Every structure is written in C-alpha cells, then in structure tokens.
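User: Could you walk me through this structure, one feature at a time? I would like the general idea for each feature and then the case here.

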Amino acid sequence: MLVDTKEDYHVHSNYNDHSASDLTVKNAIDRASKIGLKTLAFTEHIRRTSSWMPQYIHEIKTLSQGLKINVITGFEAKILPDGSIDCLENYSRIYMIVASFHTAYPDKKIWTNALMKAIENPDVDIIGHLAPEPTFAISSREVELLASKMVENEKIIEINAKYHRPPSDWIPIFRDKGVKFRLGSDAHSISEIGQFEKISDLISIVEKG
Ligand SMILES: [Zn+2]
Ligand SMILES: [Zn+2]
C-alpha cells in the first residue's frame, strides 16, 4: 500500500475565516477518532503576518494528549512568486508544512521556478494540490524531472480530495520515480475529514503498481 486512507494530512479548522464555524480543533479530533483515522494533520492557512499560531499550537497539543490517534500540528503555506513560502521560519522549521499554490501564476517560467524553489526548501514537507495552470502544459518529460527533484529533496506529493489533484497521468510517473504520496481531504467542514471517495480513481492509480 502506497497510501493509507486512514491518514488525512490536510485538514483546516475555524482558525481561518472560511471554514465552518463548528470545525473546532476539538470537533475535528473527535470526528477523526470516531471514523477511525490513524493520523490527523491540521494544516491551517498561515501567512507571515498571521498571529493566531501560539493558541492553535497549544490547543492541538492539549487536546491530542493521551489519544490513540496521531495528531500532527502543521500549516499550509502559500508558494510566493519568488519560490519562498508565506510562513515565518520559526514555524516552518518546527511544524509540518504543506506548500501550495493559492494564486495563479499563468507564466510557466514563474510557476516552474517557484515550484522548484519550494521543493528545494528544507522546511517544506508536502507539495499540496499540485496541477499546472490552464495557460500552459507540462510534458511527461517535465513531470519526470519534477518527480526526480522531489525524490532528491525528500518531498511528498499530496493527493488532494478537494481539487482532485495532481493530474491522473502524473501519478504513475511520480510513483515510478519513487515519490511518496499522502492523502489530504483539505477539509473545511467536519464531514469532509478523512473522506477520499472523490479521489478513489487517483488512489487506485497509485496502488496499481
Ligand atoms: Zn490549498
Ligand atoms: Zn487547504
């Protein structure tokens, strides 16, 4: 098994302003435990200017003590045009980081350079919901190079349920190069936690071997 459907590496909470208000850290942990998840990673949207992190970190730590489920404290950080991530190093160094594109970079060169820098960043753990912009295509040769770069830098590719990404034809290339996969629901509400039915086609491509 190359992916584990009992592990969700991308869950939001009501620390942002666009998730369901009842998606508290406690309710998320309760739900994940109830549906039998082994791993729940909180990956709240962070910015360099955010200020809620100490409370978030404390709350996750306190509420996950003594539980069977493995609760991970993390952040989802935006990849900026220069390839840096929108997260202060004192957080990115310590906590799990999912780096994602949240603004469209229609210029293939800017997109590629930013992605390569994010992959080279030792603080980044997972590349989230990756796909090219509609303005350009990535050839299979380019996907191979991307996959090699990810392996070299020990980066994991997320299979994201919210966006149904990465593109299905990238998955065998990633797998054959030895890139590791993790599943992310990208839940913004309680019922979305640990739900991967929407990406069962992508999961079966991973597992086909
Ligand atoms: Zn995202
Ligand atoms: Zn997200």
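User: How far apart are the zinc ion (ligand 1) and the zinc ion (ligand 2), and which residue coordinates both?

Analyst: The two zinc ions are 3.4 Å apart, and Glu76 coordinates both. To read such a site, look for donors, which are N, O and S atoms within 2.8 Å of the metal (3.2 Å for Na, K and Ca); water is not among the atoms, so sites may look incomplete. Helices (H or I, at least four residues) and strands (E, at least two) are DSSP runs, numbered from the N terminus.

User: Before we go on, what kind of model is this, and how are things numbered?

Analyst: It is a predicted model, in which local features need pLDDT of at least 70 and side-chain atom pairs count only at pLDDT 80 or more, while totals for chains, interfaces and linings use all residues. Residues are numbered from 1 along each chain as its sequence is written, chains are lettered from A and ligands numbered from 1 in the order in which they are written, and side-chain values use heavy atoms, with hydrogens and water left out.

User: Which residues coordinate the zinc ion (ligand 2)?

Analyst: His10 (NE2), His12 (NE2), Glu76 (OE) and Asp186 (OD) do, at 2.1 to 2.2 Å. Their spacing along the chain is H-x1-H-x63-E-x109-D. His12 sits in the loop between strand 1 (7-11) and helix 1 (25-34), and Glu76 in strand 3 (residues 70-78), so the pair ties together parts that are 64 residues apart in sequence.

User: What is the geometry of that site?

Analyst: The general idea is to look at the angles among the donors. Four donors count as tetrahedral if all angles lie between 85 and 135 degrees; four count as square planar and six as octahedral if opposite donors are over 155 degrees apart and all others between 65 and 115; anything else is irregular. Here the angles among the four donor atoms run from 82 to 174°, and the site of the zinc ion (ligand 2) is irregular.

User: Is His12 buried or exposed?

Analyst: Buried means under 20% relative accessible area, exposed over 50%, and partly exposed in between (1.4 Å probe, protein chains only). His12 is buried, with a relative accessible area of 0%. Glu76 is buried too, at 1%, and so is His129, at 4%.

User: What is the strand order of the sheet?

Analyst: Two strands pair if DSSP finds at least two bridges between them. This open sheet of seven strands has the order 1-2-3-4-5-6-7, with parallel pairing. Strand 1 and strand 7 stand at the edges with a single partner strand each, so one side of each is left without a neighbour in the sheet. Even so, five of the five residues of strand 1 are buried, so that strand is largely enclosed by the rest of the structure.

User: How many bridges join strand 6 and strand 7?

Analyst: Strand 6 (residues 156-160) and strand 7 pair in the parallel sense over five bridges, with Ile157 opposite Phe181 in strand 7. Phe181 counts as buried, at 2% relative accessibility. Contact means heavy atoms within 4.5 Å. Leaving aside neighbours within four places in sequence, the contacts of Phe181 include Leu2, Val3, Ile171 and Val206.
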